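Here are my notes for you to read with the model open beside you. Take the points in order and find each residue as you go.

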Amino acid sequence: MTTGSYIGISTMKPCCRILGSYKSSSLFGFSPTKFKDSSSIMGIMTKSCHPKSCHRHRYHTCNSDTQIVGYISVINPNRRDFSVSDPNWGLSRSFSTRFCVNIGSIRPRVLSMIPNVASDFRNQSTSVDSHSNDTSFEKIYIQSGLNTKPLVIQKIETDQSELEEVTEETSDGSNINIHSFKDLSDNKVKKELSEIEKEAWKLLHGAVVTYCGNPVGTVAANDPAEKQPLNYDQVFLRDFVPSALAFLLNGEGEIVKNFLLHTLQLQSWEKTVDCYSPGQGLMPASFKVRTVPLDGSNEAFEEILDPDFGESAIGRVAPVDSGLWWIILLRAYGKLTGDYALQERVDVQTGIRLILKLCLTDGFDMFPSLLVTDGSCMIDRRMGIHGHPLEIQALFYSALRCAREILIVNDSTKNLVAAVNNRLSALSFHMREYYWVDMKKINEIYRYKTEEYSTDAVNKFNIYPEQIPAWLVDWISDEGGYFIGNLQPAHMDFRFFTLGNLWTIVSSLGTSKQNQGILNLIEAKWDDLVGQMPLKICYPALEGEEWRIITGSDPKNTPWSYHNGGSWPTLLWQFTLACIKMGRPDLAQKAVDLAEKRISVDRWPEYYDTRNGKFIGKQSRLMQTWTIAGFLTSKMLLENPEKASFLFWEEDFELLQNCVCMLNKSGRRKCSRFASRSQILV
Ligand code: GLC
């Protein structure tokens with residue numbers, strides 16, 4: 001049933017319950033312009049908030065499949081930067097909302113309610129001003145400002161009847177869809193499936209999590225024999241990406257759309273570690289669908305989305321990559337389904353801007369690369385990757401390239417778009433110039449002079465040649481090269497990190513020659529980087545004292561295990577994509593064949609241990625969803641390379657030209673299209 005109405009404040013029970021007083025003062029006591037600095041608002045709240053209770057109000061209640069995007073922000077005091085006082089924000093879009101309430105059982109029932117509220121307020125706009133006469137990197141800055149553009153409230157067009165859905169109750173009461181969904185697009189890849197693929201599809205569908213009857217993601221691992229699920233029963237944003245691609249390549253778009261919109265709603269949720277809140281654009285690492293009593297009653301239940309922004313995660317690590325993956329997936333969704341309407345929605349555009357704002361805001365940085373803490377990506381434990389790790393830079397670059405395509409350009413976004421373009425140029429230059437190593441470059445570093453004080457220094461980061469590790473001297477081959485793991489003053493992390501290197505290829509962060517060089521190196525070092533199970537997360541492992549100091553004696557990250565040189569089959573789909581892009585599907589096929597020999601027999605492990613990936617990882621989960629989905633995605637990409645082309649980027653000469661022009665400003669390079677093609681940049 002669809003009923004025209006406004007959203008009603010009264011419908012947001014859980015949030016009102018928790019912070020009623022904050023709600024009323026913030027909703028009605030201030031005008032939006034006062035909220036330019038959102039942290040001050042939260043300051044008011046958190047001061048009166050006991051540390052232990054600060055993170056209680058983080059649930060996203062189940063307003064069902066009607067995605068009133070931003071609905072929560074009107075009435076949820078936990079969300080920042082809002083107000084109802086601006087008349088421009090009044091919306092009168094028609095919609096219905098269905099509350100998913102489970103009465104007397106954990107099976108959801110759908111009730112209709114007519115909400116009634118003036119507007120939604122994903123109203124935080126990001127305006128980026130670049131000085132029109134000065135395009136230098138340093139002069140581009142971002143201002144947080146408020147824009148009075150209203151949010152378009154839409155619903156996910158989900159018709160229950162369209163789902164051939166069979167749900168099963170899991171031990172914790174959440175519902176898991178065990179059968180496939182009706183195809184929502186006609187681009188389904190048709191072919192005869194092998195037995196292993198059939199098994200993988202069954203497992204992947206079995207990992208689907210539903211929220212109020214609709215598929216919204218996949219659990220990280222789904223091994224019924226596992227006694228301690230920890231948070232592996234949650235939907236991780238990064239883990240869902242290969243699931244999403246498998247679904248999209250199979251013509252199942254609905255779950256991906258739902259995932260994108262639900263996680264978008266979680267984006268601006270108030271989150272705290274003790275009494276400190278990270279930025280508003282942060283996307284959660286994971287979320288869980290919980291079934292809770294409705295209003296304390298044991299008669300009725302409702303489902304809620306409970307996100308984890310790192311405040312519960314082991315080590316309290318910030319999931320910097322989540323937002324980047326979200327943007328990457330959003331673009332992939334559009335490309336593979338042809339449904340570009342989703343990315344054009346105002347709330348989705350605002351979500352992108354919030355993520356970008358968080359990434360592009362000025363800090364103390366001297367470099368265009370993102371400065372992050374340890375554990376902020378797939379490697380979500382201390383592994384000595386704090387600073388400017390390659391993985392984050394490659395995903396950042398990829399997300400910026402997506403944003404460049406997706407962002408709607410208008411008066412309020414043109415400066416942001418300019419900042420995105422400038423950052424892309426600066427970042428690719430920085431990475432190509434300073435992160436790339438091959439035999440020649442290492443020899444150069446070996447002969448570096450140090451303590452050079454000038455803008456013309458050759459050894460800009462003051463790298464002491466003595467830090468070239470002994471393993472590298474023997475390991476580096478004449479074939480190709482790679483992007484190092486990290487770069488900081490007097491520090492180059494020479495470890496080979498696979499995900500980052502693969503994404504430099506996929507996004508064209510590297511030059512075409514560099515990208516080819518990475519694959520050449522992987523081929524030349526096959527035994528080290530692929531071994532018996534593709535692919536090593538990083539090479540080599542930290543051992544002895546280094547392991548003790550850098551990992552903090554982490555018993556899970558012992559040498560050649562888990563993040564410390566373990567082998568992760570989920571990297572296979574990204575390898576496949578990179579190989580297809582570079583015209584080397586043979587390499588990918590070889591890796592897929594290798595995986596296929598063991599992966600199902602071994603029950604789809606999360607990771608493998610030992611130097612060559614011989615054993616199933618000591619603490620590895622089984623039935624790991626991104627292992628399963630990564631395998632399926634690799635298979636489908638190899639069978640449909642034309643679909644792969646939707647997922648990678650070629651060199652963008654406009655960005656190069658921009659970079660050359662900026663460098664020219666400092667008298668370093670000639671500015672012309674020809675120059676951009678002829679520089680070391682290419
Ligand atoms: C581990 C991995 C992380 C992954 C999570 C769920 O923590 O390091 O990358 O997202 O498991 O699978």
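1. Let's start with a word you'll need: a residue is buried when its relative accessible area is under 20%, exposed when it is over 50%, and partly exposed in between, using a 1.4 Å probe and protein chains only. Buried residues make up 61% of the 682 residues in this protein. Before you go on, note that this is a predicted model, so local features need pLDDT of at least 70 and side-chain atom pairs count only at pLDDT 80 or more, while totals for chains, interfaces and linings use all residues. Numbering runs from 1 along each chain as its sequence is written, and side-chain values use heavy atoms, with hydrogens and water left out.

2. Now the overall build. The protein has 23 helices and 18 strands; these are DSSP runs numbered from the N terminus, with at least four residues (H or I) for a helix and at least two (E) for a strand. Take contact to mean heavy atoms within 4.5 Å. Among the contacts with a separation of 6 or more, 73% are between residues 24 or more positions apart. The accessible surface comes to about 26000 Å², and carbon and sulfur atoms own 53% of that; such areas come from the Shrake-Rupley method with a 1.4 Å probe, and for residues only the protein chains shown count as cover.

3. Which residues surround the ligand? They are Ala220, Tyr232, Phe236, Arg238, Asp239, Met378, Asp380, Tyr562, His563, Glu606, Gln624 and Trp626, where the test is a heavy atom within 4 Å of the molecule. By class, this shell has 6 nonpolar, 2 polar and 4 charged residues. The classes work like this: Ala, Val, Leu, Ile, Met, Phe, Trp, Tyr, Cys and Pro are nonpolar, Asp, Glu, Lys and Arg are charged, and the others, Gly among them, are polar.

4. Zoom in on the ligand's oxygen atoms. A polar contact is a pair of N or O atoms within 3.5 Å; within protein, one must be able to donate a hydrogen and the other to accept it, and residues adjacent in sequence count only if both atoms are side-chain atoms. Met378 brings a backbone N or O atom to 2.7 Å from a ligand oxygen. Tyr232 has a side-chain N or O atom 3.4 Å from an oxygen of the ligand, and for Tyr562 a polar side-chain atom lies 3.4 Å from a ligand oxygen. The ligand has 300 Å² of accessible area on its own, and the protein covers 96% of it.

5. Next, have a look at Gln488, which sits in strand S14 (residues 481-488). Gln488 counts as buried because its relative accessible area is 15%. Leaving aside neighbours within four places in sequence, Gln488 is in contact with His386, Gly387, His388, Phe461 and Ile463.

6. Two peptide bonds deserve a check. The one from Pro534 to Leu535 is cis, with omega near -10°, and Leu535 is in the loop between helix H16 (526-529) and strand S16 (538-539). Tyr539 and Pro540 are also joined by a cis bond, with omega about -10°; Pro540 lies in the loop between S16 and helix H17 (544-551).

7. Finally, some backbone angles. Leu230 is not a glycine, yet its phi is positive, about 50°. Thr610, again not a glycine, has a positive phi of about 80° and is partly exposed, at 22% relative accessible area.
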